[in-house]
Amino acid sequence: MRINISKEEMLEGMNIMNSFGARLTGSNGHNNFIKWLKNEISKMDIPVFSDPFYFRRWEEKNSSIEIINGEENISVPVSSVYPYSGETSADGITEELVYVESINDVKKTNGKIAVFNVANVNFIPSEIAFDKRTSYPEDVVLEKKYEGPVITSFVQCFYGIISKLTKAKAVILIWKGLHDDCIEGQYLSFITDYQKIPMLWVNESNGKKLIEAAKNHKKAKFILEAEIEEHSFSESFYCILKGKNQKENVIINTHTDGTNCVEENGPIALLQLIKNLKDQELKRTHIFVFTTGHFRLPHFKDIRTGSFQSASRWLAMHRELWDGKGDHFRCVANLTIEHLGCKEWREIDGEYKCTGKPEVEIVYTGNKFVDKLYIDTVKERKTVRTITLRGHNALHFGEGQNFFTMRIPEISLVPAPYYLCVVSGSQEMEKFDIDLMTEQTETFARLIEKIEGISAKELGKSDRYSIVKAKSVSGGYDLSLSGLANKISETIKR
């Protein structure tokens, strides 16, 4: 197979994608990006099949916080909105601030503006979420404690529920323990449904002003205007490259909605893979799937396939393309491609900056056979810092989860940089490496080539989730029942 991944074409595609701005689910930028992708595939004389959807879309239009301080109000910068939280009128809400310092303060938020600290979740051992298969080079590890804005917002997503129960008017969430620059523009949390209460995020520095004002029983003016479109349009789509074998296929997938240049640039890589494959004599059929709804999972997930990602709906709708029953196609392997070209950024000596390394590639591999296949392939790269994982404790991040739960052997690239969900004017391009993206895309092209020569029997099925017991991803000791008990005990003591 001739592999020719064009760095220049991918960079051009990245710039075109960025020109559409943030591509939040169903937004104009998202729909225009989809139109461009479909047109690029059509120009290759490949038919495109579309699945249209309509849903209730929420998008922030204006937000602000002002502390009422006599004749002169004090403006407090908003770091970001809590998506699908709620909304106010243009006049906003002017009420007393109540700092919820303990459980006893919760009841005081009735009719007021609740203020919560949201501390960085840096107490969860990484082995609770991850079970290591392999790393390359061998010294690659994840943090001992899984932390950062994404997991923090996922774990601590209950503030809206609490505030609704106490009948608060609005909520201000203050990031704690994460650098102010790191959390600017974070579109989090995107896994919760419409909250029916307006919520805004503020960084730790500005949050101190709000906490002080709340302790002094001051009022604040809170504005969160949002546009609500009851029947917003979006679509998933796919294309098929036919092979000699009309019984077996390989599915390559990603999603199209995203916040910046890495979330989600998988479609740009898929275009290159399609271009490389379209004129080849393929043994198996290859299906390329571009789903919508990753940033609106409560609406687009379909738990009938045992997953909570956006591709779960596509799988539920198109069983004839993968489940192998009757005259249906049997999917013998899945490649999920997300978040390419990520540089690692962390807080160093009080500054949020690049570490000089690529972000660790988190890669889920469905079983030991495809794990070895992936590791052997990345060894051909110049730049590589990867760790492979098995789905663990019912946790599996990224769109590959959909295939893992269906026992389809997957190789799923899903790096998780701290800036993954940031909406910014720069599209986070200063944190992106086109050379790394090119190498990663070439890796998947080689995987496609190798899988063509491997039987379905050799590829096997994906393992099931490992439970509790896990091989360490952080360089510490492997997790066992006794080890888990020790870690819980240590956390309680601290």
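**Reading a serine, a helix and a crossing**

Me: Where does Ser 472 sit?

Reply: This is a predicted model, and in it Ser 472 lies in the loop between helix 13 and helix 14 (481-493).

Me: Is Ser 472 buried or exposed, and why?

Reply: Buried means under 20% relative accessible area. Ser 472 has 7% relative accessibility, so it counts as buried.

Me: What does Ser 472 touch there?

Reply: Skip its neighbours within four places in sequence, and Ser 472 is in contact with Glu 127, Lys 132, Tyr 477 and Asp 478. With Glu 127 there's a side-chain to side-chain polar contact of 2.9 Å. The Ser 472 side chain also reaches the backbone nitrogen of Gly 476, at 3.1 Å.

Me: OK, now helices. Which residues of helix 10 are buried?

Reply: General idea to begin with: an α-helix has 3.6 residues a turn, so residues three or four places apart point the same way. In helix 10 (residues 368-378), the buried ones are Val 370, Asp 371, Leu 373, Tyr 374, Ile 375, Thr 377 and Val 378. Among the elements they pack against are strand 6 (131-136), strand 15 (361-365) and helix 12 (434-452).

Me: And how do helix 1 and helix 12 cross?

Reply: Two packed helices are described by the angle between their axes and the distance between the axes. For helix 1 (residues 7-19) and helix 12, the axes come within 10 Å and cross at roughly 115°. That crossing is right-handed. Helix 1 brings Lys 7, Met 10, Leu 11 and Met 14 to the contact, while helix 12 brings Ile 434, Asp 435, Met 437, Thr 438 and Thr 441. Sort those residues and you get five nonpolar, two polar and two charged.

Key: Residues are numbered from 1 along each chain as its sequence is written. This is a predicted model: local features need pLDDT of at least 70, side-chain atom pairs count only at pLDDT 80 or more; totals for chains, interfaces and linings use all residues. Side-chain values use heavy atoms; hydrogens and water are left out. Buried means under 20% relative accessible area, exposed over 50%, partly exposed in between (1.4 Å probe, protein chains only). Helices (H or I, at least four residues) and strands (E, at least two) are DSSP runs, numbered from the N terminus. Contact means heavy atoms within 4.5 Å. A polar contact is a pair of N or O atoms within 3.5 Å; within protein, one must be able to donate a hydrogen and the other to accept it, and residues adjacent in sequence count only if both atoms are side-chain atoms. Axes are lines fitted to C-alpha atoms, for helices over the stretch in contact, and angles run from 0 to 180 degrees between N-to-C directions. A crossing is left-handed if the near helix is turned anticlockwise from the far one by less than a right angle, and right-handed if clockwise. Ala, Val, Leu, Ile, Met, Phe, Trp, Tyr, Cys and Pro count as nonpolar, Asp, Glu, Lys and Arg as charged, and the others, Gly among them, as polar.
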